[in-house]
Amino acid sequence: MTDAYLARIGKLIRDARQHRGWTQSQLADALGTSQSAVNRIERGNQNISLDMIARIGEALDSEIVSLGYAGPMHLRVVGGRRLSGSIDVKTSKNACVALLCATLLNAGRTTLRRVARIEEVYRILEVLGSIGVKARWINDGNDLEIVPPAELDLAAMDTEAARRTRSVIMFLGPLLHRMDHFKIPYAGGCDLGTRTVQPHMTALRHFGLEVTATDGTYHAQVDRSVAPTRAIVLTERGDTVTENALLAAARHDGVTVIRNASSNYMVQDLCFFLEELGVKVEGIGTTTLTVHGVATIDRDVDYAPSEDPVEAMSLLAAAVVTESELTIRRVPIEFMEIELAVLEEMGLDHERSPEYPADNGRTRLLDLTVRPSKLRAPIDKIHPMPFPGLNIDNVPFFAAIAASAQGQTLIHDWVYDNRAIYLTDLNRLGADVKLLDPHRVLVEGPTRWRSAEMMCPPALRPAVVVLLAMMAAEGTSVLRNVYVINRGYEDLAERLNSIGAQIEIFRDI
């Protein structure tokens with residue numbers, strides 16, 4: 001077979017395995033081969049016989065040969081339908097990927113509950129599996145069990161998977177405690193313009209890490225004589241920067257103070273998890289974290305990450321733009337209070353249940369019922385701020401909401417270079433979105449949504465915003481190549497269908 005066909009077959013096998021909810025190790029066990037062999041097959045780096053393809057198909061309950069090449073996934077949306085009933089918010093994508101990176105700190109077994117079954121998680125699991133970490137889905141695929149090896153094999157890293165996720169940058173913090181020299185590929189993820197990794201390097205330099213970047217790879221070297229001698233002041237209050245500093249501080253045998261730290265939801269979940277590992281963290285929920293690290297971590301731990309406030313905002317926006325009454329259960333309210341305060345000023349009719357704790361015992365949840373509302377544009381502009389301000393990832397949803405409101409709304413997405421530009425894709429669906437500069441748009445409402453066929457924006461949140469607008473538009477719309485949505489949402493189309501949407505998944509023949 002040619003290399004191109006091997007790569008196609010490998011991708012198809014990977015898709016079928018992930019659809020089954022198996023890890024590479026589980027497929028290897030079913031075939032009586034090694035995880036590394038499965039990894040080579042899926043990467044197109046190993047010749048494969050028809051007999052082996054048939055065995056894989058039988059193991060995965062998928063007729064791989066007859067299916068052919070799995071092309072990009074598309075969505076066909078019949079809009080203009082009202083949503084109803086109730087829907088649960090899934091666990092946080094951003095917390096789950098941080099916790100997966102944090103398992104590299106622990107020599108013991110880690111069990112994570114209700115892990116988000118999304119492409120971003122799959123990519124990190126592929127990377128972890130390729131370097132020797134054993135991971136398997138348990139309890140009907142709801143939970144994840146992770147056991148690291150005594151020694152990591154970084155030379156075998158699945159670089160293709162690593163390049164498709166920005167989260168791999170969070171390997172730096174744990175790995176600097178495990179080896180003096182290592183390398184990881186450049187971080188990928190959404191196309192949101194230039195996003196410098198310099199704040200990561202500045203923070204981790206306090207732990208002796210020096211990084212040079214050549215040929216698409218970060219080359220890391222650790223000087224063991226270097227340790228923090230004063231507080232680490234982060235040059236940006238970023239989530240992943242804070243998480244990387246926490247991961248490095250967790251196994252520094254001493255006290256590390258991190259200032260200008262993010263206190264966002266995924267950072268808090270990581271802090272709660274580190275405490276389960278025996279690391280004391282003071283100041284959780286504030287911008288100053290004091291970490292009492294331990295040199296060695298070897299514990300069997302069981303942790304349940306909290307729910308995703310950005311998914312909760314997505315579902316709230318779906319109800320608003322479709323003029324529906326919908327109950328959204330398990331909303332992490334402390335990370336949506338500003339958003340709801342703004343929406344109240346815009347005229348949102350909603351009701352909140354009493355609060356109750358998340359499965360981690362720390363995060364506050366409630367159930368939120370949203371009703372059809374006559375919204376008016378807010379007096380002030382919509383702009384993000386670090387927690388406890390309006391969440392950066394929730395800003396795009398206000399574009400669809402503002403398009404449903406009476407009047408003009410100014411949205412200032414100052415964090416990312418390109419994301420505001422993608423919001424103008426709503427114009428294809430009947431909205432009036434004027435781009436003022438790369439960071440600001442002016443939205444005029446209300447909108448008479450109309451159906452359209454279009455390519456999915458290459459950024460996660462704007463892509464979902466386009467999907468929500470299609471749900472509001474009378475007629476049939478098509479959203480092509482929705483991989484970016486699958487990076488951050490688990491079975492989104494099916495779950496929206498469960499509350500009244502009509503979305504069909506299809507592929508090109």
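This report walks through some strands, a helix residue and the cysteines of a predicted model.

Local features here need pLDDT of at least 70 and side-chain atom pairs count only at pLDDT 80 or more, while totals for chains, interfaces and linings use all residues. Residues are numbered from 1 along each chain as its sequence is written, and side-chain values use heavy atoms, with hydrogens and water left out.

Let's start with the strands. Helices (H or I, at least four residues) and strands (E, at least two) are DSSP runs, numbered from the N terminus, and two strands pair if DSSP finds at least two bridges between them. Strand β22 turns up in both pairings below.

| Pair | Sense | Bridges | Example partners |
|---|---|---|---|
| β1 (residues 73-79) and β22 (residues 475-480) | antiparallel | 5 | Val-77 and Ser-477 |

Over in helix α4 (residues 50-60) sits Ile-56. Ile-56 counts as buried because its relative accessibility is 1%, where buried means under 20% relative accessible area, exposed over 50% and partly exposed in between (1.4 Å probe, protein chains only). Its C-alpha atom is 53 Å from that of Glu-444, 388 residues apart along the chain.

Now the cysteines. With a disulfide taken as a pair of cysteine sulfur atoms within 2.5 Å, the count is 0. For Cys-101, the closest cysteine sulfur is in Cys-96, 11 Å away and so too far for a bond. Cys-271 is in no disulfide either, its nearest cysteine sulfur being that of Cys-101 at 15 Å. Cys-101 is buried at 0% relative accessible area, and Cys-271 is buried at 1%.
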